[in-house]
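Thanks for coming, everyone. I'd like to walk you through a few spots I picked out, so please have the viewer open.

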Amino acid sequence: MSDLNLELEVNGRKVRRRTGTHQRLLDFLRDDLNLTGTKEGCGAGECGTCSVFVDGKLVKSCLMPAAKAQGTKIETIEGLAGAGDLTPMQKAFYKTGASQCGYCIPGMVMAATSALRENPDADIEEIKERLGGNICRCTGYSKIFEAVEIARDVIAGTRPAAALEADAVDASYIGNNVRRLDAPSKVSGRLRYAGDMVMPGMLHMQVLRSPHPHALIKAIDTSAAEALPGVACVITAADVPGEDGFGVFVHDQPIMARGKVRYVGEAVAAVAADDVVTAARALSLIKVDYEELPAVFDAEEAMQAGAPVVHDYAQDNLVKHIPIRKGDVEAGFAEADLIVEQTYSTQQVEHAYLEPEAGLAYVDHDDVVTVVSPSQNITHHRHMLAKIIDRPINKVRFIMSPVGGGFGGKEDMIYQGMLALAAMKTGQPVRLVFTREESIISTAKRHPARITYKMGLKRDGRITAVSFRMISDGGAYGLSTEGVMRKAAILSCGPYDIPNVQIDTYGIYTNNTPSGAFRTFGAMQAQFATESHMDICAEKLGLDPFAFRRINMMRDGAVTHTRQALDSVSMGEVLDAAERSSGWEAGAPTMRGPQRADLAGAGTRPPCTLGARVRKDSAANRQEVA
Ligand code: FES
Ligand code: FES
């Protein structure tokens, strides 16, 4: 594999290495030189986490073959400042708190440094434009732009260097700008995520995934893969010594498909080998004999009699049904002057955190099976893994590595079990780093939902009854579906005091990618339907939407439809503040005046132009697509 003599300068040091012709510059920096401050987010030139300087030009190192770097001068995040120091740009990022998970930050610092090197006077629009190739999923861009402006001014001498120092903090941290303890390691690229970690003798894992949404596994032949030089082990469900099943509420997912695959991308087998290329080659030598089964991809179809059954234990494909009843809903509809019924749909959503899933497992000197990964639920993972590998809990350890963005998507133990098994089987550390494609194909998404909302109304705006029926596609495995259905049911009526309520939320198995936790945990789907329905009902009643909400909102002492008594309710203040700050133009939606003061009016926030690359000062007012 090592067939390229590379000579170049990296961070001021001459480097000469033999490396593989297949290597990208990103691989060379990370794997050969251990410069892991340069991150891989997408591997496709889209995210900017891999940004470095090549002969002074900002380059995405995932797109550049290592061979093309022959004779060049490379600068990475590690080379920007002297040892133990930070550049003004890095200090400014630290100062403003422009780093949350930190995964995008090395690339962002490189792009920002490039912006000021090319134009030390860049204005905010130019800064935005120059950072347009770098994505952040969690900090939000305002802190980043603020940091670049501070750095620009300090470098130009128009602001004192003290602007980079920490704000004074009084006795309380509350209400003060407090510096993040881990920010220096994030802005300098020193923080190591799971995919950056290495151990002596470490093996690399690759995973064979199902091409079918629903199929029986008749046989798996791993012999040719096992015989390939460099392969340390191949694992399948047959290697699991204990109770094979994980999930947040129902443990219905084997760590690799057991007898049946239920979605495209499900893990079927995994290989641990000396390097990633060998492991990937071994995957192609594994023979799986499938018998395809009819599949179901729509939750409502999966509820019909005769639909394909995804799990034998749930012949009706039901993961969880949450019913809530309050009052007499039929009597509530009978007393209504008007009934409004509507169906709403929300779509499947990918978390798209910048750090793809990664983990490292090893068996330590005390025979403790140890897994390092960005898990958002390590204690639960530890308990599940102990059962799966049939070890006492004190022989299983989970270490949480820095989470390069999670948003709920790293709550599921989807790959840690495979790593643990391979480490146990080989006695060597094993690392797995997902590609972006694997992350998208095989990890949980936000539940798509279809919600039928029926509301009974009096002419004066009072709601007399609500019927709310939500069908959610849980995908092939249960994961967090039960909790998501519970939260959606609890929040289904919004903050409104409704005397008669009938709620039904259903999580349903299909042969789609599993659905799981995602910011709001089911609240978003329910609230989208509720608030959309409130607007439609206000329009039908000829009422101002704020006024309609005030008629029905919960007040101090209200009891929710789940029988929770609320001592104090701030809904009125929230409505007042929202109405005020949006510049709301009072009146029913059908009776709006000619001036939409609430949209782009005086005092309202202008629409965000990030990424639009519009330069107002250019001669032709040129517009490019980012
Ligand atoms: S742009 Fe290179 S990893 Fe995303
Ligand atoms: S801080 Fe930017 S992706 Fe997390």
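This is a predicted model: local features need pLDDT of at least 70, side-chain atom pairs count only at pLDDT 80 or more; totals for chains, interfaces and linings use all residues.

Let's begin with Lys454, whose charged end sits over the ring of Phe333, 4.4 Å from the ring's centre.

Now, rings with rings. How many aromatic pairs does the structure hold? The count is nine. Take Tyr353 and Phe407: their ring centres are 6.4 Å apart and their planes stand at 40°, so this pair is tilted. The two partners come from distant parts of the chain, 54 residues apart. Tyr353 is in the loop between strand E13 and strand E14, while Phe407 is in the loop between strand E16 and helix H12. Tyr353 is buried, at a relative accessible area of 0%, and Phe407 is buried too, at 10%.

Next, turn to Tyr453 and Phe468. Here the centres are 5.4 Å apart and the planes are at 85°, so we call the pair edge-to-face. Tyr453 belongs to strand E18 and Phe468 to strand E19, so the pair ties together parts 15 residues apart in sequence. Tyr453 has a relative accessible area of 0%, and Phe468 is likewise buried at 0%.

On to helix H8, residues 276-283. Which of its residues are buried? They are Thr278, Ala279, Ala282 and Leu283. Looking down the axis of H8, you find these buried residues within an arc of 145°, so they line one face of the helix. The cover over them includes strand E6, helix H7, strand E8 and strand E10. At the start of H8, a side-chain oxygen of Asp275 comes to within 3.2 Å of the backbone nitrogen of Val277.

Last stop: the nonpolar cores. The largest has 43 residues, and those touching the most other members are Met89, Phe93, Met108, Val109, Leu131, Ile144 and Val148. Helices H2, H3, H5 and H6 are the elements that each give two or more residues to this core, with H3 supplying the largest share, eight residues. If you click on Met108 and leave aside neighbours within four places in sequence, you'll find contacts with Phe93, Leu131, Asn134, Ile135, Cys136, Tyr141 and Ile144. Apart from this core lies another one of 36 residues, including Met256, Val396, Met413 and Ala420.

That's my tour, and I'm happy to go back to any of these spots.

Terms used:
Residues are numbered from 1 along each chain as its sequence is written. Chains are lettered from A and ligands numbered from 1 in the order in which they are written. Side-chain values use heavy atoms; hydrogens and water are left out. Buried means under 20% relative accessible area, exposed over 50%, partly exposed in between (1.4 Å probe, protein chains only). Helices (H or I, at least four residues) and strands (E, at least two) are DSSP runs, numbered from the N terminus. The arc is that of the directions from the helix axis to the C-beta atoms. Contact means heavy atoms within 4.5 Å. A polar contact is a pair of N or O atoms within 3.5 Å; within protein, one must be able to donate a hydrogen and the other to accept it, and residues adjacent in sequence count only if both atoms are side-chain atoms. Rings of Phe, Tyr and Trp (its six-membered ring) pair if their centres lie within 6.5 Å; planes under 30 degrees apart count as stacked, over 60 as edge-to-face and the rest as tilted. A charge sits over a ring if NZ of Lys or CZ of Arg is within 6 Å of the ring centre and within 35 degrees of the ring normal. A nonpolar core is a set of buried Ala, Val, Leu, Ile, Met, Phe, Trp, Tyr and Cys residues joined through side-chain atoms within 4.5 Å.
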